[in-house]
Amino acid sequence: MSEQITQAFARARVRASPHYRLEPSQSAAAGSNPEQSVWAASLLPAREDWRRAQLISRETAELLLALREPGPLPGAATPHDGARLVLDGILELETAGGFCSGPEAYRRFFSGELPVVRGALAELSLAALRCAAALAVPEPELLSKCLYRYNTRPVSPAWLRRFPDAQAVAGLFQAARRGQVESSWTTFLNLPAPGVSWRAWEQPDAPTPAPGAPTYKLYISPAPASVGAATRAVLALAGKSFAPFALKAGHDLPTLLRSEKLVVYFRARDDLFEAADRLRPALGGMAAQGVPFTSELFGDGLVSWGVDPGSTAEPPGPLRQASWRRWITARLGSAMAAALAAGSTAPAWQYAIDRVRLDGVTPETWTAPAWFAVPGTSDADH
């Protein structure tokens, strides 16, 4: 990938896109918010097409001013930077047929090889992307939502007969609430969004991530009837040096039927891996549902992990998200919408995969970018 991208810029000139209008950032000028002030300007599309509004840094604004006339990519910008700016329509790349950007420039940077799928969850994620692309609706928010909720089971009459009310769902957690296993945990009901109900546990004395640091998340995705047993296994980790500081489990039928039904929170990645190894015997034999766009452990789709970006890992922007899965599906949905709107010759799902590669994502395993763990080193915006 890197060699093809490097060669693309070695043979061609680039220019600032004439299809954007640059508007200086008022918040940056005022300096009232240090997080917002990182953005020097906004780029607004001159017409309605596949391009979306962009926030750009002072460095990118200076790059665009330097490229008002076509020329080679300046030395301060790497070919990796250039490819991202071209695919997002901010820069245009010269070809024999004129200047191009966005999905039209895709083949200049990527060979179009199919991703190497590794494991059940990678297969599931690829199926989610193909399903969303098949909708052929170039609306980023809709596509992102479809990707995020993929592999959710419908609330069917059969499930309603099995779990007709809140009391029936609460019965799953009766075993987890009994005995000393919960003695060091504080439990409460948390309703963070309409239509989603969680029962959450916290260890008040457990170390939590430092302000601005990432949070590591273990996803356990069994069949709904096994959520109580899986929760009890996690609660039993209390007091261990690698124990989580919190967990949440679905507390109503729609949340139980999500793929992301039991989430365990850790301060450090090594603690997460140690806990996963200790949990493996207790979770053995549980049927897996599987959480798309998470990194699989143990090869059966039951247990996977991800990392939420720290609050200072990237400045505020239209695609910033506090959750890993919302972060990745927002970017995939945005890229897929651009490909669909532009009539890309590459499949929209494949274009989206390669676009997030440029953000540091490893799509073969859906591993988050390394810069998530390093505050102030964002590599995903402009």
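In the predicted model, helix 1 (residues 2-10) has Ile5, Ala8 and Phe9 as its buried residues. Viewed down the helix axis, these buried residues fall within an arc of 90°, so they line one face of helix 1. The face turned away from this buried side carries Glu3 and Ala10, which are exposed. On the buried side, packing is against strand 1 (14-16), helix 4 (79-87), strand 5 (91-95) and helix 5 (106-109).

Helix 15 (348-357) was examined in the same terms. Ten of its ten residues are buried, so helix 15 is largely enclosed by the rest of the structure. The buried set comprises Ala348, Trp349, Gln350, Tyr351, Ala352, Ile353, Asp354, Arg355, Val356 and Arg357. Helix 4, helix 5, helix 6 and helix 14 are among the elements that cover these residues. Helix 4 and helix 5 also pack against the buried residues of helix 1.

The segment after helix 15 contains Trp366. Phi of Trp366 is near 55°, a positive value in a residue other than glycine. Trp366 has a relative accessible area of 3% and, because buried means under 20%, is classed as buried. A positive phi, again near 55°, is found for Ala136, likewise a residue other than glycine. Ala136 is located in the loop that runs between helix 6 (120-134) and helix 7 (140-149).

In soluble globular proteins, nonpolar side chains tend to be buried together. In this model, the largest nonpolar core has 100 residues, and those with the most contacts inside it are Phe109, Leu218 and Met336. The element that gives the most to this core is helix 14 (residues 324-342), with eight residues. Helix 14 is also included in what covers the buried residues of helix 15. When residues up to four places away in sequence are not counted, Leu218 touches Leu262, Val263, Val264, Phe266, Leu272, Ala276, Leu279, Leu297, Val303, Ser304 and Trp305.

The cysteines were also inspected. A search of the whole structure finds zero disulfides. Cys146 is accordingly in no disulfide, and the nearest cysteine sulfur, that of Cys131, is 7.1 Å away. Cys146 counts as partly exposed at 30% relative accessibility, whereas Cys100 counts as buried at 4%.

Over the whole protein chain, 15 helices and 13 strands are present. Of its 382 residues, 52% count as buried. Among contacts between residues at least 6 apart in sequence, 69% join residues at least 24 apart.

Terms used: Residues numbered from 1 in each chain as written. Predicted model: local features only at pLDDT ≥ 70, side-chain atom pairs only at ≥ 80, totals over all residues. Heavy atoms only, no water. Core = buried A, V, L, I, M, F, W, Y, C linked by side-chain atoms within 4.5 Å. Buried < 20%, exposed > 50% of the residue type's maximum accessible area, 1.4 Å probe, protein only. Helix = DSSP H or I, 4+ residues; strand = E, 2+ residues; numbered from the N terminus. Contact = heavy atoms within 4.5 Å. Arc of directions from axis to C-beta. Disulfide = S-S within 2.5 Å.
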